[in-house]
Amino acid sequence: MSRKVTLEINGERYEREVEERLLLSDFIRHEAGLTGTHVGCEHGVCGACTVQLDGEPVRSCLLLAVQAEGHQLRTVEDLNAGMGEELHPLQQAFHESHGLQCGFCTPGFLMSIEPMLNTAADLDEGEIRAAISGNLCRCTGYQNIVSAIQLAATRMQDGS
Amino acid sequence: MKPAPFEYRDPRTVDEVIDVLAEHGEDSKILAGGQSLVPLLNFRLAQPAMLVDINRVEELSFLRCSAGVLTIGATCRQATLEQSIFAQARWPLLGEAVDLVAHSQIRNRGTVGGSAAHADPAAELPVALSCLDARFNIRSASGTRTVGADEFFSTHLTTVIEPDELLVSIEVDPPPAGAGYAFCEYSRRHGDFALGGAAVQLADGEVRIALLGASDTPLRATEAEQALAGQQIDAETAAEAGELAVREVEPTGDIHGSGEYRRRLTATMVKRALLLAADRDGREAA
């Protein structure tokens with residue numbers, strides 16, 4: 001009921017002996033120690049555990065760790081990789097726009113939005129709201145999250 | 001909120017899957033995209049002894065159009081269908097339906113075949129496939145059989161797929177050129193399960209109407225289809241067809257809406273879908 005897996009997360013390889021029923025979200029947090037990925041509902045509704053699998057946002061609570069072998073995973077820890085203390089432009093925009101309060105949902109939002117940032121400047125508010133509909137936030141009322149995405153997208157487009 | 005222990009197999013070919021199912025079919029569940037099954041595992045509402053993961057079966061992940069027919073491999077992701085330019089252009093009803101499935105993170109992983117095999121009557125893809133008279137290719141050790149959408153869905157969360165069988169692909173014939181189409185549904189929040197909905201296709205006087213969440217399976221409103229065949233579709237005839245479509249149905253009520261509310265809603269969705277489809281009828285897809 002267990003097997004050896006090697007998962008690649010943020011370019012690092014993690015070789016572990018795990019039970020096959022172990023959820024990817026639990027591998028990321030408890031085996032790899034990457035606690036930036038948060039676990040909310042554990043049935044695919046809240047979006048807090050969203051990570052990128054081969055560049056695409058997915059729910060890590062709806063995947064088994066063994067299924068991720070051979071794929072490239074990316075978590076929130078990688079967003080500002082190589083930037084030192086500096087934040088990723090999206091994180092910076094969330095910070096400036098007050099796009100978070102308690103911050104529990106934030107990693108999921110960031111990992112959902114980041115792949116579409118390059119084209120987000122062309123999206124209207126309705127389209128942005130549709131794009132984040134798979135992530136729940138109980139603090140902000142979403143208004144400042146939408147503002148943060150617009151700010152980050154504009155900055156990315158301007159190249160500043 | 002963690003799955004109960006299970007034995008896990010991840011075969012690489014359809015033949016290997018069939019071999020595993022021949023031996024363990026009764027105690028196993030097939031894992032495709034997992035966007036419905038894994039929540040059930042996490043809640044322990046499903047506790048199969050074995051999970052047969054078909055995500056590493058490369059021969060099942062295709063989406064292709066050959067001789068005009070769209071063939072969707074069992075593990076073709078919903079996002080693949082959504083982003084397919086040829087599928088969107090030639091099968092716009094499927095495109096409109098898949099856009100309404102949950103959220104992008106779910107569609108990146110969820111499969112068309114998995115949604116069909118899960119057979120939730122409130123899911124969009126089974127309703128669209130029913131409206132399009134899709135065919136389901138099912139394989140077991142004793143060979144392949146093909147089942148039409150009218151037979152495929154048996155009841156709530158149940159299809160005709162036997163424990164030793166695997167849904168390998170879904171085929172959809174091309175709609176007549178310029179056919180009118182519409183998928184309309186109402187949900188409280190974007191991406192939530194809809195409380196009611198309808199898929200419509202209009203072509204050459206033929207009317208097809210499939211209802212979402214009105215019964216234990218996707219339901220073709222045959223009486224309304226026949227009454228409207230060859231008729232001019234306007235606000236009045238569309239409203240009548242909506243009434244006819246829900247005359248015999250009794251949707252189940254729950255905390256999100258009573259059965260009667262859902263019935264009224266379904267009639268309205270039929271009317272809206274008919275009018276939208278009529279408006280699009282005869283126009284080439286963009």
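A residue is called buried if 20 or more other C-beta atoms lie within 10 Å of its own, exposed if 12 or fewer do, and partly exposed in between, with the C-beta atoms placed from the backbone. The model is predicted, so local features are described only at pLDDT of at least 70 and side-chain atom pairs only at pLDDT 80 or more, whereas totals for chains, interfaces and linings use all residues. Residues are numbered from 1 along each chain as its sequence is written, and chains are lettered from A and ligands numbered from 1 in the order in which they are written.

**View 1. Helix α6 of chain A and its buried residues.** Helices (H or I, at least four residues) and strands (E, at least two) are DSSP runs numbered from the N terminus. In α6(A), the buried residues are A:Asn144, A:Ile145, A:Ala148, A:Ile149, A:Ala152 and A:Ala153, and they pack against α2 (89-97), α3 (106-113), α4 (117-120) and α5 (125-131) of chain A. An α-helix has 3.6 residues a turn, so residues three or four places apart point the same way. After α6(A) comes A:Gly159, which has a positive phi near 70 degrees.

**View 2. An open sheet of four strands in chain B.** The strands follow the order β11-β12-β13-β14 with antiparallel pairing, where two strands pair if DSSP finds at least two bridges between them. Because β11 (180-186) and β14 (219-220) of chain B each have a single partner strand, they stand at the edges, and one side of each is left without a neighbour in the sheet. Strand β12 (residues 196-203) of chain B is joined to β11(B) by seven bridges, and B:Gly180 stands opposite B:Leu202 in β12(B).

**View 3. The hairpin of β6 and β7 in chain B.** Two residues lie between β6(B) and β7(B), and the strands, residues 135-140 and residues 143-148, pair in the antiparallel sense over six bridges. B:Asn137 stands opposite B:Thr146 in β7(B). Strand β7(B) is hardly covered, since the count of buried residues among its six residues is zero.

**View 4. The largest nonpolar core.** Such a core is a set of buried Ala, Val, Leu, Ile, Met, Phe, Trp, Tyr and Cys residues joined through C-beta atoms within 7 Å. Of its 132 residues, B:Ala128, B:Ala198, B:Ala199 and B:Ala273 touch the most other members. Helix α12 (residues 259-280) of chain B gives the largest share of this core, eight residues.

Conventions. Contact = placed C-beta atoms within 7 Å.
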